[in-house]
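Colleague: Please take me closely through one part of this model, its side-chain contacts. I would like the cut-offs stated as each term comes up.

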Amino acid sequence: QVQLVESGGGLVQAGGSLRLSCTASGNIYKIHEMTWHRQAPGKQRELVAAISSGPTTNYATFVKGRFTISRDNAKNMVYLQMNSLKPDDTAVYYCNALVDMGYGSTWHGWGQGTQVTVSS
């Protein structure tokens, strides 16, 4: 199996920055796409940013120019640098990964989430 653990969330004032990290561990041969999603209270979980193994990146329109996704394949980690944070960015942020465990097995799952709260 594979585990994803997020860290780096917290409370920040509007206009501030946070850097989220997600570490994958377990039976990992190769990690394909890694993504960050978020879920605010009363709302559906939504995609924030994605990064392939290439790596190519994609961003939701509402974070373009403010957030940057990156990855360190040697450490099995993905990061989300969040700048110019707004109160609307307040949510639980989740890491997701598609993992090749080798021998024809794959794993696709979520971390437990990390809370980001942006005060006005």
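Modeller: Asn73 is found in the loop between β7 and β8, where strands (E, at least two residues) and helices (H or I, at least four) are DSSP runs numbered from the N terminus. This is a predicted model, in which local features need pLDDT of at least 70 and side-chain atom pairs count only at pLDDT 80 or more, while totals for chains, interfaces and linings use all residues. Residues are numbered from 1 along each chain as its sequence is written, and side-chain values use heavy atoms, with hydrogens and water left out.

With a relative accessibility of 47%, Asn73 counts as partly exposed, the class between buried (under 20% relative accessible area) and exposed (over 50%), with a 1.4 Å probe and protein chains only. The side chain of Asn73 meets that of Arg71 in a polar contact of 2.7 Å; such a contact is a pair of N or O atoms within 3.5 Å, where within protein one must be able to donate a hydrogen and the other to accept it, and residues adjacent in sequence count only if both atoms are side-chain atoms. From Asn73 to Gln1, 72 residues away along the chain, the C-alpha separation is 18 Å.

Another loop residue, Gln44, is found between β4 and β5 and is exposed, with a relative accessible area of 73%. Once its neighbours within four places in sequence are set aside, Gln44 is in contact (heavy atoms within 4.5 Å) with Arg38 and Gln39.

Arg38 leads on to the charged pairs. The whole structure contains three salt bridges, each a side-chain nitrogen of Lys or Arg within 4 Å of a carboxyl oxygen of Asp or Glu. In one of them Arg38 pairs with Glu46, and their closest N and O atoms are 2.9 Å apart; Arg38 is buried, at a relative accessible area of 7%, whereas Glu46 is partly exposed at 32%. Arg38 also forms a salt bridge with Asp89, where the closest N and O atoms are 2.8 Å apart. That pair links distant parts of the chain, since Arg38 belongs to strand β4 and Asp89 to the loop between β8 and β9, 51 residues apart. Asp89, at 2% relative accessibility, is buried as well. Asp89 then meets the side chain of Arg66 in a salt bridge of 2.7 Å, N to O; Arg66 lies in the loop between β6 (57-59) and β7, so this pair ties together parts that are 23 residues apart in sequence. Both Asp89 and Arg66 are buried. Through shared partners, the salt bridges join Arg38, Glu46, Arg66 and Asp89 into one network.

Arg38 is also among the residues that Val48 touches, a list that includes Trp36, Phe67, Leu80 and Tyr93 and leaves out residues up to four places away in sequence. Val48 is one of the residues with the most contacts inside the largest nonpolar core, which has 30 residues; such a core is a set of buried Ala, Val, Leu, Ile, Met, Phe, Trp, Tyr and Cys residues joined through side-chain atoms within 4.5 Å. Among the elements that give two or more residues to this core are β4 (30-39), β5 (46-51), β7 (67-72) and β8 (77-82), while β9 gives the most, with five residues.

Strand β9 (residues 91-102) also holds Tyr94, which is paired with Trp110 in strand β10 (residues 105-110), 16 residues away. Tyr94 is buried at 14% relative accessibility, whereas Trp110 is partly exposed at 39%.

Finally, Thr114 is in strand β11 and is buried, with a relative accessible area of 10%. A polar atom of the Thr114 side chain lies 3.2 Å from the backbone nitrogen of Gly9. Beyond four places in sequence, the residues touched by Thr114 include Glu6, Leu20, Val92 and Tyr93.
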